[in-house]
Structure formats: C-alpha cells, structure tokens
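Here are a few notes to read alongside the model.

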Amino acid sequence: MREEPVQEAHSHIEPHLNGCPWHDVNEMLQSVGLRPTRQRMALGWLLFGKGDRHLTAEMLYEEASQAKVPVSLATVYNTLNQLTEVGLLRQVSVDGTKTYFDTNVSAHQHFYLENNHELIDIPNAEVELKATPDVPDGYEIARVDVVVRLRRKG
C-alpha cells in the first residue's frame, strides 16, 4: 500500500485559542494547514508558550535539547521556515548573518543590542516612516523592517 503525500494547504482558519499552550499550538498549526506532528508541537510549545520572543534556530535547538525534545538542528530550521512561510513567525535578519524568528508577527520594528546579540521590540508608534520608495511595476511593498543597532556607551 502506497502512502500518498499529504498536501498541506496554506489557508488561514481563525484558531480557537484558550490559553493552554499545547492546545493553542495545535490550533495555530491546524489553522494554517500544517499537521501538528510531535516535533512541530514540541517546537511550537517552546516558541509560543512564553509570550513574544526573538530566537535564532540555534537558540531554539538549545532550548529543545535542554527540554529533552529529540530534534535535529535541520528539523528546527525546517520547522522555523515552515512557520514563517505560513505567517506564524516573522524572520528578522541582522547583518545578513544572523536570522531571528519573531513570534510577534504584527507590524513593529526592533532594537538590536550588539553587545549581547539580542533583539527587542520597538513599539510601533515610536518609528515613523515618512515615505516609501516607488517600487517596480508588478511589485508591492510586503513590509518595511527597521533594525536600530545599539551598543553600550563607553
């Protein structure tokens, strides 16, 4: 008997969240058409169970290891990319070398603390964009990312 590949649709159904992290992660995954596999559930619980966070794949892998979640770094990367593709995470690149995954997908900007390699949300009202550039025909602006780099004085 041949198993047919599962087609994962990217339709958004509003999840029914009730405050229980395990239930809510299951609902979030299903609302975007992703099967709630054990690994996705465990990584989702680590990601979304602690409020808004900014994590690299390596940071999440380390948390998973400490929580005894048996996943490879490749699985962590794949899961983070899948969650980003369906809109549950937002990718924020710093220096083109470090990529953070943000659990807060609303429109907001970031401070980057150079000394400890940390991203912090800037409340949206504090950043004003006066104008955006004209874009080539056939394109539209998806979003504008502003990263304000900070370092300790002295």
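1. Please start with His110, which counts as buried because its relative accessibility is 2% (buried means under 20% relative accessible area, exposed over 50%, partly exposed in between, with a 1.4 Å probe and protein chains only). His110 sits in strand β4. The side chain of His110 makes a polar contact with the side chain of His54 at 3.2 Å; such a contact is a pair of N or O atoms within 3.5 Å, and within protein one must be able to donate a hydrogen and the other to accept it, while residues adjacent in sequence count only if both atoms are side-chain atoms. Beyond neighbours within four places in sequence, the residues in contact with His110 include Arg90, Leu119, Ile122 and Val148 (contact means heavy atoms within 4.5 Å).

2. A word on the basis: this is a predicted model, where local features need pLDDT of at least 70 and side-chain atom pairs count only at pLDDT 80 or more, while totals for chains, interfaces and linings use all residues. Residues are numbered from 1 along each chain as its sequence is written, and side-chain values use heavy atoms, with hydrogens and water left out.

3. Now for the sheet around β4. Three strands form an open sheet in the order β5-β4-β6, with mixed pairing. Its edge strands are β5 (118-122) and β6 (147-150), each pairing on one side only. Strand β4 (residues 109-113) runs parallel to β6, and four bridges join them; two strands pair if DSSP finds at least two bridges between them. Tyr112 has Arg149 in β6 as its bridge partner.

4. Which residue forms a salt bridge with Arg90? The partner is Asp145, with the closest N and O atoms 2.7 Å apart (a salt bridge is a side-chain nitrogen of Lys or Arg within 4 Å of a carboxyl oxygen of Asp or Glu). Arg90 lies in strand β2 (residues 90-94) and Asp145 in the loop between β5 and β6, so the pair ties together parts 55 residues apart in sequence. Arg90 is buried at 5% relative accessibility, whereas Asp145 is partly exposed at 40%.

5. Glu114 and Arg151 also meet in a salt bridge (3.4 Å, N to O). This pair links the loop between β4 and β5 to the segment after β6, 37 residues apart. Glu114 is partly exposed at 22% relative accessibility, and Arg151 is exposed at 64%.

6. Finally, the whole chain: there are four helices and six strands (DSSP runs numbered from the N terminus, helices being H or I with at least four residues and strands E with at least two). Of its 154 residues, 31% count as buried.
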